[in-house]
Amino acid sequence: MHICMLTYYYWPAPAGGAENQCRRLSAALIARGHTCTVLTSRHNTTYFSHEVEKSGVHIVRKLTMEAVIQKIRNSDGPQHLEGKTEKCLGSGKKAVVPALVKLRKKITLWGAYAVRYSNIVVFVLGVLFFLGRKRHSIDILHVHTADWIAGIGAFAGRVFNIPVVCKGADMPVFPPLDGVPMAAYCDIWRRKPHFIALTQAMQADLVQNGVSEKNITVIPNGVPLPKQTVPVEENNDFLYIGNFSQSAAHKGFDLLITAWAVFHHQHSSSRLLLLGGGDALPWQQLARKLGCIDSIEFAGYQTDLTPFFRKSCCLLLPSRKEGISNALLEAQSWGLPAIVSDIPGNREVVQHKRTGLIIPTGDSRSLAEAMRHLYTSSLLRREYGRAARKRMEDFFAIDSVAERAVTLYNQLII
């Protein structure tokens, strides 16, 4: 079977959970004797247009204008006009010119949207051209996010007679389509594939948004299982893994730092390891304000998480919204207990008082108390960690997830 994965970002670019799952699943499918091609963007000209990973996955990258978009978004132009002054005609006084600031902002925004439109159009044309040429050899098109790219995938599948699967990556499943060409049509098309829901809650969200229940299959994210587990009873450091370019409304960075400040003032020998790309400066400033900055290591984006898992005693995940976190799956596969917020994706993975602790969402006091509870009981950490590893083996191993995906593919091909 030849499966074509469609995802906008892919290795070696820093990517999120959906993209990492795409890579894991692709490698697992190759190991089962299938052919797997990842169709993605070439938003960085240093990436090859065609490449084969060590796992045997073929990568096809289609040209975009992403670099131009980033240049416009990161330009120093209009924001540096704020509060600046210019001489008024006929006087020696200086005055702020807000109208000029507004105009420059609008021009920059329009430019960004124009480039974004062009970027999407160029990429979509490349995708359609590739799928058109390969339509007789591709058995399944698997899209990994339910945003605009799912609409393109569904449309291409209809045109070229290729069955299409779309996996929901987050909750809610369908994000807004801001700045997308023909957004209304794209929104209609992105609801047409057969969906993979990560959880029962995600399935309910899809049904509520007009997707027929018969077009939904529940398959969780998967994780490779390391050969060894972590001696969590011997470790003292807490671990957090997340993307700092996402908001606190999503990831709960404010809750994390606030709770840590309370916990650290009581248990000063422990450290908090924070991993993830993006701008962590606001959270560094909050930690400094709360007096706990010296106990936190902002390690940034890491390609190899193994050393951090090995020196941690527990994973923290206070997200306000989440699909099924890859970081959570990986940590539990290493035998780390977890303290997580009470949201559907987390409840799907963590069993309260068995593989970790589930706390009320948005409650920093409960998070601090849960940290204290596990930190002061090495035996409890070991018990939860062993149960977590067993649960990963039984329900979330990538080999099992890949097998369930193949079963679904075969049903759609028939």
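Two strands are taken to pair if DSSP finds at least two bridges between them. In the predicted model described here, strand S11 (residues 237-241) and strand S14 (residues 312-317) meet this condition, being joined in the parallel sense over three bridges. Asp 237 has Ser 312 of S14 as its bridge partner.

The pairing of S11 with S14 belongs to an open sheet of six strands, ordered S13-S12-S11-S14-S15-S16, in which the pairing is parallel. Strand S13 (296-300) and strand S16 (356-359) form the edges, each of them pairing on one side only. On average, neighbouring strands of the sheet are turned by 20° against each other, direction ignored. Helix H13 (residues 364-375) lies across S11, S14, strand S15 (338-341) and S16. Relative to S16, helix H13 runs at about 165°.

The protein as a whole contains 15 helices and 16 strands. Of its 414 residues, 50% count as buried. Among contacts between residues at least 6 apart in sequence, 69% join residues at least 24 apart.

Two packed helices are described by the angle between their axes and the distance between the axes. For helix H1 (residues 17-31) and helix H15 (residues 398-413), the angle is about 80° and the axes are 9 Å apart. Angles of 65 to 115 degrees count as roughly perpendicular, and H1 and H15 are therefore roughly perpendicular to each other. On the H1 side, the contact involves Gln 21, Arg 24, Leu 25, Ala 28 and Leu 29. These meet Ile 398, Ala 402, Ala 405, Val 406 and Tyr 409 of H15. By class, the residues of this contact comprise eight nonpolar, one polar and one charged.

Leu 25 and Tyr 409, which take part in the contact of H1 with H15, are also in contact with His 142. His 142 lies in strand S7 (residues 140-143). Its relative accessible area is 1%, so His 142 is buried. A polar contact of 2.6 Å links the side chain of His 142 to the side chain of Tyr 409.

Arg 158, in helix H4 (residues 148-160), is exposed, with a relative accessible area of 55%. Leaving aside neighbours within four places in sequence, Arg 158 is in contact with Trp 189 and Lys 192. Arg 158 and Trp 189 are 31 residues apart in sequence, and their C-alpha atoms are 9.8 Å apart in space.

Helix H11 (residues 326-333) has eight of its eight residues buried, so this helix is largely enclosed by the rest of the structure. The buried residues of H11 include the charged residue Glu 330, and among the others are Asn 326, Gln 332 and Ser 333. Ala 327, Leu 328, Leu 329 and Ala 331 are likewise buried. At the start of H11, a side-chain oxygen of Ser 325 reaches to within 3.2 Å of the backbone nitrogen of Ala 327. Just after the helix, Gly 335 takes a positive phi of about 85°.

Note on methods:
Residues numbered from 1 in each chain as written. Predicted model: local features only at pLDDT ≥ 70, side-chain atom pairs only at ≥ 80, totals over all residues. Heavy atoms only, no water. Axes fitted to C-alpha atoms, helices over the stretch in contact; angles between N-to-C directions. Helix = DSSP H or I, 4+ residues; strand = E, 2+ residues; numbered from the N terminus. Parallel < 35°, antiparallel > 145°, perpendicular 65-115°, else oblique. Contact = heavy atoms within 4.5 Å. Buried < 20%, exposed > 50% of the residue type's maximum accessible area, 1.4 Å probe, protein only. Polar contact = N/O pair within 3.5 Å; in protein donor to acceptor, adjacent residues only side chain to side chain.
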